[in-house]
Amino acid sequence: MSKQVFNHPAPQPGEPTGPSYWRSLDERNKTPEFRTRAEREFVDGAAAISTVERREFLLLMGASFGLAGLGLAGCREPRNHTLPYSKQPENTIAGVATYYASSFPGELANQALIVETHQHRPTKVEGNPSHAANGTASSKLAQASVLDLYDPERAQASQDAAGAVLSVAAVRELLRKLSAEAKANGGAGLAFLARPSTSPTRARIVAAVKAALPQARFVEYTPVAQNRADAVLGARALPDYAKARRILSLDADFLGSGDGVVEATRAYSAARRADTAAEADAMARLYVVESTFSLTGAAADHRLRAASSHISGLALLFAAEVLAQTGKGGEANALRAKVSGLNVEEKWIKESIADLVLAKGKALIVAGDHLSADAHRAVAIANAALGAAVRYVQAAAPAAGTIADLVAKPAATLVILGGNPAYDAPSDVDFAKAVKAAKQVVRLGYHGPAYDETSALVKEAKGTFVAASHYLESWSDGRTVDGSYVPVQPMIDPLFPTVTELDVLAPFAGLTQEPYALVRETFNRLSKDASDTAFAAWLAEGVLAGTQYPTYADMLMAVPTAAFKAPELSAKSLEVRIVPSVHAGDGMYANNGWLAEAPDPLSKTAWQNVILISPKLAKELDVEPEAMFINKIGALNRNINQLVDGRLIAKVATLTVNGVTLKGSLFIMPGLADYTIGLQLGFGRRVAGRVATRVAERLQGKLIGNGFDVYPFVTSAEPSVRTGVVLALTGESAPIANMQDHWSMEGRDVVREGNAADLKDNQNFAKLGIDGHAPAVYGKDEKMSPADKAILTPRGNSAYEHPNHTVAPNVAVWKGHEDKFPLLQQWGMSIDLNTCTGCNACVTACQAENNIPVVGRDQVLKGRNMQWIRLDRYFFDGRDQAGNDIPTDPQVTFMGVACQHCETAPCETVCPANATVHDDQGLNTMAYNRCIGTRYCANNCPYKVRRFNFLDYNKREDGHYYEGPLGPAKLPKDPADLPQLQKNPDVSVRMRGVMEKCTYCVQRIQEAKIQAKVRAKDSADINVADGAIKVACQQACPAEAIEFGDITDPKSRVSKAKASTRTYGALTYLNTRPRTTYQAKLRNLNPKMPGAILIPLSRKEMAGRESHAPAHGAPSHGAPAADGHGHQK
Amino acid sequence: MRKLINFLTGAAPRGNFFRRSVNSVPLQVLICLLVTVAVVVAGINEYATNKYLNVGYTPEQPVAFDHSFHAGPDSVLGLDCRYCHNGVDKSAHSNVPTTNTCWNCHSQVKSDSPALALIRRSVETGEAVRWVKVHKVPDYVYFNHAVHVNRGISCVECHGRVDKQVVVGQQKSLNMSFCLDCHRNPEQFLRPVDKVTDLGWKAESPAAQAAQGTKFVHDWKVNPPQSCSGCHR
C-alpha cells in the first residue's frame, strides 16, 4: 500500500495569506523564524543537552553502565514500613481524602473554599458551593495558595535582634512585655502597620486595641487598593453582573483582577450563555473603555481604547450622556463643560449610552478603582439615573492614617503585620526611615530576612522577626464579596513554630485567648444561634447564612465640581498604567512557581514582567534609525519581538519620569491605547526566594529578581497611572520567556465565532470553515446518535479498524451474553468558548491536581513548559486584502486546548511501546511506566498537547537539572522537599524521559466509578451519576465553561452542551473524532455603534477559505481525492 | 610454541598452521553462546520475577502478631478481618490498625506482656509502631481495596490464608499478569459478598464456582477494567 500523504487544505486564490488567527506578530507576518519554530514540535535545542558535551555524556553513560552491574547485588525491594497512627484521629481513613470548609483571605473579600486534605495534608482547594455566588469555582490565586504553604523558603522560626531563634512561647512573652509597656503610657509611640483584611475578628480586636491604647496608631497599607471608591461614596458598590444586561466598564477589570473576580465572572458568564434565539435576545452586552488589554477588554463586545488618564474625564462625559438621555439636560451640560482636552468619538458615547438607557434597570456602569473621585461620583450619579443593577452596602471605615504618616511621624514601637512595605511602599515614602527611627520593631512575616525585603530591613534595624502561619494553618474568619461570614480553618498544625496576626494583636487588646476562641467569640456575636452545634455547622458548611452586607442607602451623592483637563499624550510624553501582575500580584505571590509559570493570559509571558507598548507607538519610534520597528513593506521589523531559535528576543528600553528610570524588555501588545504603556507590579524583588530570583545568579550567591521593579513609578498620589513618561531604547536585547508561539496551530481555523444574531438566522455558523466542506468523517454512519457514535465508533469510510466499546475483550464469561453486557459510560468534554474569559484558573487547577512540575524560566525559554492546558489566545485584526496594517484594535478569543481524547487518536498508532492506548471508556491513556520517551506521539499529535519530561523536574531543583544524579537531589529531610507534600497521592509523579498530557483527570473518574461500585455492592447499579465527576479544570472554572460527563446519556449536562448548535470540533476533518468539543464564541453586537464589526473578524478572515464551500459536491469541484483533502479511499 | 617459532623463523611452511579440528571452533562458540543466552534468558524469566523474588517474603515484624490466633472463624478469637483493617471497605488502602485498636483489648488482656512492649510504648508516647510492609505493588499501580471487597472478591485471592499464618508472608505474585488473570476470568473468583472475609469459604466444586460466578458477573454487571487507566493514573 502506498503511503497516503495528508495535506491540510491549501489556501485558495484570493484568500488572505496571513493566518486568520494569530497568537504573535511573528505568526501574523509569517516570518521565516516563526515557520521554522512551528514546524518543529519542540523548540530548536529543546531536545539538546545543554551543559554536558556529547562526549562527556557518552563517557558518563559508560561509567553508569559499569556501576549498574555493581548495583544489581540487591535485587529485592528495600524494606518498607507502615506507620499507623497511635491513636486514631476522628474522621480519618487512610487513603480517603477529607474535605474541610475554609476561605482564601483577600483584602476586600475572602473566597469561600473547600480544602482537600490527605491525612490532614492540604493538597488542593476548590470553591465552596455552599456559597452560591462562587459555586465550585475558585481563582488562580486561591488555587496556587496551597503551594505557598509548602514554600521551602518560608520562615521556619522567629528570630530576635541577634538572629537567635525564638520559640513561640518567647514570642508570646515578648508581645506581653510590649503590650504591658504600651498599656503603661496609653499606647503612645506604638504603631501597627497591616494589610487590609476582611476578618471581623481582626476588626474587633483592632477596635479593642484602640480602646485599650487610645494613643496607638493602626495603619493599613496595600499597594493596590481595591476600594478607593468606598471613601468617595461612603459606601461600597456591589454590581450585580447576573442581572445586568448592558454593562459599561470604564477601565475596570472586573473579570481579571481583584478579590471578587470569581463571583463576577460566574455571574457575567451566566448572563452570556446563549444557545437559542430567545437566549440571544437576553444575552448581556459589554462595552469596555480601557487603556491596556485586560481580560474584561478581551471579553468586550465593543471596546474603546483610551488612555487611563483620560478615562476619568470620559467617565464624566458618559455620565453626562446618561443624564442627557434621561431628561436631565441641564445637569448633563454642566458636567460636560468641566471636561476639556479630550478627543473622543461622540458617537461611541452616544450609542453605547443609548443602549444602556434602553435597558434601564438592567444597565450598569462600573468604574476602575484608580479613576478620580469625580469619575466615581459621576458614575454613581449615572447609575442612579439608569436604575442600575448595583447594590450599595456600608463599607468598613478605612483605617485612619497612611503609611506616609508612619514615616513623617515615626513610632517608637512599630509592629508590622504581614505585607512587604520595604518593597512595595510608594516611592515617595521612605519606609526604611520609619523602621530605623523606631526603637523596637516587631515584624510578622511569611518570609524571613533572607527572602523578604521588609524582614531584611527589620533585621538590619535590630528588630524582631516573627514567623507567620499560612492561612491553611490558622484560625481566622472573613467576609466574601457579598458580606457572607466565612471561616478560615486550619487544615494542619503549623508546619513550623509560627503564629498568626490574631496572636500578635490580641495581647495589645488585653485578650489572652487563642485565635480559635477569638473566632468563636466573633461568631457568637454575628450568629443568631451561638450554640456549639451552630458553630460546628458553620465550620462544616463554610458560610453563615443571612450575613450578607445590608443594603445601604445613604451614599454621598455629590456632583463633580473640579474641571478635568486631559493630559496631552504623544510618543514623547507617554502614560503608564500600572497593574498587579498575574504572576506575582503586587509581589506577595512572587515566590509561587505555579503562578510564575502560568502565562499572562494576554501577553503569554511567564516568569517576568515586560513593558507593553502599542503597535502604533512601536511604529512611531521609528524616527530613530536604531529603533526601526516597521520595515519598508510595512511589516513589523523583527528587531523588536524577534524569534531567534524559537525564543522571543526583545529590545530593552528605559522609561523615565521625573528623573526615575526603569529598564525592561519591550513587548508589542496589539490593542493597547496608542500612548499607554502597560507595566506589571510584583517583580524585580531585591531579597526574595528561588522563584522570584534568577537561577544562574542565585547559584553564585547573588540575588537578582526576575523582571524589573515597577514600584519606583508608584507614588502615594499616583499609584496606578503616571503621565509624562519618556521611553528610550538602550540598544540591548534580551529574551522573554514567552509561550505564545509554543505549540502553534499554524493558522488552522480551530476557532469559530458568531454574533448573537446568528442564533436566529445562521445557525450553522459553527460548522463553517474547513469543517463546512471537509469530508464527512463518519461517512455512511453520519446519522447515528452521539451515544452510538461513542460506543460503536463506526468506521465510516475509513480503511482502518476502530476501537469497539461494545465488548469486553478476553473475557470468556461475556461471550454469548453480549445482550447483558453493561455498556460502559463514555466520557467527553465540552468547552464553551463563549463564556471562557481566559482567566487561567483551569491551568493552575490542573497543575495542582495532576502533579505537574514547575520547570523554571530557562526551561520555558526552551519550550519545555509542562502545563497540560494550553490556554491559547488568538488575536485577529480584520485585515482583509489590505495587507499589513498595524493590528491596533484586534479582537481576542481564548481557546483552552488540552488532550482532545480522540477516538481515533494519531498518537496511539505511532507509539512503539504501546504506552499510549485507548481505554474502553474513550480515554486516551498514558501508561507512564511503559513510556520510553521516543516522543513520536507528540510529533503526531495535531493538537500539540503532549508534554515531555526532558529532565527530572519533580526530583531536582532548577539550576541543577543537568547535573543528573551528580547534582543535589531533593532529599526527604531537606526543607526543599516541602513542595513534595503538596503532591496529589492519587496521581503518579512522572520522571525524566516520560511523555504526559491531560488524562481527563482519570483519578477522579476512577474514584467516582469505584464509589459507584462500592455503593452498588451485589447489585447492577454501577453507573456514575451525572455530575459526580468534576474534572479539575471544570471544577475551578469561574465561567462554568467546561462540561464533562457521559456522552452516551442524552440527559447529561455534557450531552446537552454537545447538542448545542454552536458545537464544533477542532481539526475534525483529520478524522480524529475528538471527545472534547467546543462551543463557538458569540459576540453580542450593537450594530449602531461606530466601528461595529458586523461579522466577527475571524469569520471575515475565513471568508476566503469558505468561498468554495457551496461548490462542494458540485461536479466542477472535482473528484474528492484530488481536492487536497487527502481522503482517498 | 616451538611450532610457532619454527613457523616464523623456519623455512617455507610445509602444511597448515591450524589443525583441522579448529574448523569447528566457530560453531562451538556459537552453540556455547546460544546456550549461555538461553540459560540467562530462562534464568531471568524464572528468577527475576515477582513470583520468585517476592512470593514467600516473610519479614519479621516488630511485634509478633499472630494472625492465626486472632483472625478468622477457625481461630481462637475469631475476629473478622475488618475489626482491625477497618478501612478496607471504604478506602483504597487496607489500613494497618492504629495502636489503640490493639489496646482496645490488650488494655484488659495481657497488658503487661513483654511481647507488647512496643505497643505499650506507642500508647504512652504516641509514637507509631514501625510495622514492616509485606504486600507492596509499585508506586504507579493504584490498587483499590474497597471496590474489590465490596464486590465479592475475597481477601484470600491476593493475600492467601492469612488466618492460617503465624507470621504473614506474601503468597501471591501480585504482578500484572496475576491481576489480569482475575480481571479476565472474574467468574472463577467472585463469591457472595457476605463471604468475602471468610477466608476458608469455597464453592462446593469448581463447576459450582463457575456457575455461581457467571451468575454474579451477569447480575452485578461485573466488567473488571483491562485498560491501562484501570490501575495506572
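**Exercise 1.** How many bridges join S2(A) to strand S3 of chain A?

*Solution.* Begin with the pair itself: S2(A) and S3(A) (residues 111–118) run antiparallel, joined by seven bridges. Strands here are DSSP runs of E, at least two residues, numbered from the N terminus, and two of them pair if DSSP finds at least two bridges between them. Within this pair, Tyr100(A) stands opposite Val115(A) in S3(A). Next, widen the view: three strands of chain A make an open antiparallel sheet in the order S2-S3-S4. At its edges are S2 (98–104) and S4 (121–127) of chain A, each pairing on one side only.

This is a predicted model, where local features need pLDDT of at least 70, side-chain atom pairs count only at pLDDT 80 or more, and totals for chains, interfaces and linings use all residues. Residues are numbered from 1 along each chain as its sequence is written, while chains are lettered from A and ligands numbered from 1 in the order in which they are written.

**Exercise 2.** Is helix H4 of chain A mostly covered or uncovered?

*Solution.* First, count: 10 of the 10 residues of H4(A) (140–149) are buried, so the helix is mostly covered (buried: 20 or more other C-beta atoms, placed from the backbone, within 10 Å of the residue's own). Among them are Lys140(A), Val146(A) and Asp148(A). Then find the partners: the buried residues of H4(A) pack against S2, S3 and S4 of chain A, and also against helices H22 (593–597), H28 (841–849) and H33 (1032–1036) of that chain.

Technical notes:
Helix = DSSP H or I, 4+ residues; strand = E, 2+ residues; numbered from the N terminus. Buried ≥ 20, exposed ≤ 12 C-beta atoms within 10 Å, placed from the backbone. Contact = placed C-beta atoms within 7 Å.
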